[in-house]
Amino acid sequence: IGAGVPLSQAVREARQLGYTEPHPADDLSGLDVARKALILSRTIGRNLNLSDVETKPLFPERLYHADPDIFVQRLSEIDQEIADMVQKGASQRLVPRYVARIEKEKLSVGLEMVSENSPLGRLQGTDNQIVIRTRRYDSNPLIVTGPGAGAEVTAAGVVNDVVAIATAYFGV
C-alpha cells in the first residue's frame with residue numbers, strides 16, 4: 001500500500017491482504033494495539049485491565065458501523081483530513097504512527113506524529129516495533145522490530161503459543 005493513498009483505500013487494501021482485524025475498527029480505534037500493550041504491561045508486572053488503557057481512535061465515533069464494509073466506506077469521510085495531517089507533518093519531516101506508551105502510572109494508545117528519521121518513523125509495511133527505555137537504555141533505547149501482520153506471522157504466533165502452553169502445562 002503506497003504512500004499518498006487515501007486512508008479508506010489503504011484500509012480496504014490492508015483488509016483484503018489480511019493485515020487488519022476482521023473488523024478494521026479494532027485497529028483504527030486502538031483496541032488491537034491496546035490489547036497487545038496490555039499484555040506487555042502485565043508481563044512487566046503492571047496490574048492493569050483493558051478499561052485502564054487510554055485510547056484515542058483514529059476516526060470519529062460517528063463513522064463507526066457494526067458492518068465492517070460500511071465502516072470502511074465511511075472512512076472516506078476523513079480521507080482529506082488525514083491527508084492534510086500527513087501533508088502538514090511531512091513539511092516538518094514528521095510521519096503519523098499509532099503508538100502505545102507503557103509508563104509507570106498509565107498506558108495510552110493513539111496517533112502521534114514522529115520524526116521521519118526516528119526508528120518509529122522509519123517503519124515500513126506491516127512491521128511493528130517495541131522501543132524499550134530504562135535507566136540503562138535511555139539515550140540509546142533497546143529497539144526490537146519485526147513483522148506484525150499477515151497469515152504467516154499469525155500462524156507462527158499461534159504455534160508458538162501452543163508450544164508454550166504444552167511446555168508449561170504438560171512438560172512437553
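Biologist: Is V144 buried, partly exposed or exposed?

Modeller: This is a predicted model, in which local features need pLDDT of at least 70 and side-chain atom pairs count only at pLDDT 80 or more, while totals for chains, interfaces and linings use all residues. Residues are numbered from 1 along each chain as its sequence is written, and side-chain values use heavy atoms, with hydrogens and water left out. Buried means under 20% relative accessible area, exposed means over 50%, and partly exposed lies in between, with a 1.4 Å probe and protein chains only. V144 has a relative accessible area of 48%, so V144 is partly exposed.

Biologist: In which strand does V144 lie?

Modeller: Helices (H or I, at least four residues) and strands (E, at least two) are DSSP runs, numbered from the N terminus. By that numbering, V144 belongs to strand 5.

Biologist: Which elements give two or more residues to the nonpolar patch?

Modeller: The patch includes I130, I132, L142 and V144. The elements that give two or more residues are strand 4 (127–132) and strand 5 (142–147).

Biologist: What pattern does the protein follow along the sequence?

Modeller: The secondary structure comes to 6 helices and 5 strands. Read along the sequence, the pattern is α-α-α-β-α-α-β-β-β-β-α.

Biologist: Why do the buried residues of helix 1 line one face of the helix?

Modeller: In helix 1 (residues 7–16), the buried residues are L7, S8, A10, V11 and A14. An arc is that of the directions from the helix axis to the C-beta atoms. Seen down the axis of helix 1, the buried residues line one face because they fall within an arc of 160 degrees.

Biologist: Against which helices do the buried residues of helix 1 pack?

Modeller: Packing is judged by contact, which means heavy atoms within 4.5 Å. The partners of the buried residues of helix 1 are helix 2 (25–28), helix 4 (68–74) and helix 5 (79–91).

Biologist: How many residues apart are D69 and R15, which meet in a salt bridge?

Modeller: Side chains of opposite charge can pair when their charged atoms come close. The salt bridge of D69 and R15 is 2.6 Å, N to O. D69 is partly exposed at 45% relative accessible area, and R15 is partly exposed at 27%. The pair links distant parts of the chain, D69 in helix 4 and R15 in helix 1, and their separation is 54 residues.

Biologist: With which residues is S41 in contact, leaving aside its neighbours within four places in sequence?

Modeller: S41 lies in helix 3. S41 is buried, with a relative accessible area of 0%. Leaving aside neighbours within four places in sequence, its contacts are R46, L48, I102 and L107.

Biologist: Which residues do salt bridges that share partners join into one network?

Modeller: K56 forms a salt bridge with E54, with the closest N and O atoms 3.7 Å apart. K56 is partly exposed at 49% relative accessible area, and E54 counts as partly exposed at 35%. The network formed by salt bridges that share partners joins E54, K56 and K106.

How values were computed
Patches are made of residues with over 30% relative accessible area and no salt bridge: like charges are joined within 9 Å, nonpolar side chains (Val, Leu, Ile, Met, Phe, Trp, Tyr) within 5 Å. Accessible areas come from the Shrake-Rupley method with a 1.4 Å probe; for residues, only the protein chains shown count as cover. A salt bridge is a side-chain nitrogen of Lys or Arg within 4 Å of a carboxyl oxygen of Asp or Glu.
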